[in-house]
Amino acid sequence: MNKSSKEAGMAQDVTIFYFAALREQMGREKETVPLPAQSVTVEALVTELRQKDVGMDEVFAASPRIRVAINQTLATFQDTVKPGDELAFFPPMTGG
């Protein structure tokens, strides 16, 4: 029974990956965080995480044009995140 309750708790989590300069600024490549609800927007999740993590707040404040992907698909901060999703944050892309 303990195992199933642990698995149920893990099902409410999302995995966040940080790429390029964001990885260096955050000091980590990835982390697993609990969702505050069954379904939230990326923006709501980031707002909550920024309130709990001063480092994340500083990174997101300094880089207002951070891009996001959900499950390896480019997304917006208004898109919905669900339990088990993978988010990736990365700086704006440049090319030439």
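Buried means under 20% relative accessible area, exposed means over 50%, and partly exposed lies in between (1.4 Å probe, protein chains only). E1 covers residues 13-18, and six of its six residues are buried, so the strand is largely enclosed by the rest of the structure.

This is a predicted model: local features need pLDDT of at least 70, side-chain atom pairs count only at pLDDT 80 or more, and totals for chains, interfaces and linings use all residues. Residues are numbered from 1 along each chain as its sequence is written, and side-chain values use heavy atoms, with hydrogens and water left out.

**Zoom out**

Show the whole protein chain. It has four helices and seven strands. Helices (H or I, at least four residues) and strands (E, at least two) are DSSP runs, numbered from the N terminus. From that end, the elements run α-β-α-β-β-α-α-β-β-β-β. Of the 96 residues, 31% are buried.

**The neighbours of E1**

E1 and E2 pair in the antiparallel sense over five bridges. Two strands pair if DSSP finds at least two bridges between them. Look for Asp13 opposite Pro34 in E2.

Tyr18 stands opposite Phe89 in E7.

**Asp13**

Is Asp13 buried or exposed? It counts as buried, at 18% relative accessibility. Select what Asp13 touches, leaving out residues up to four places away in sequence: Thr32, Val33, Pro34, Leu35, Pro83, Gly84 and Asp85. Contact means heavy atoms within 4.5 Å.

**Helices H3 and H4**

Move to H3 (residues 42-52) and H4 (residues 54-62). They pack at an angle of about 125°, with their axes 5 Å apart. That makes H3 oblique to H4. Angles under 35 degrees count as roughly parallel, over 145 as roughly antiparallel, 65 to 115 as roughly perpendicular and the rest as oblique. Axes are lines fitted to C-alpha atoms, for helices over the stretch in contact, and angles run from 0 to 180 degrees between N-to-C directions.

Which residues meet? Val46, Leu49, Arg50 and Lys52 in H3 meet Val54, Met56, Asp57, Phe60 and Ala61 in H4. The residues of this contact divide into six nonpolar, no polar and three charged. Ala, Val, Leu, Ile, Met, Phe, Trp, Tyr, Cys and Pro count as nonpolar, Asp, Glu, Lys and Arg as charged, and the others, Gly among them, as polar.
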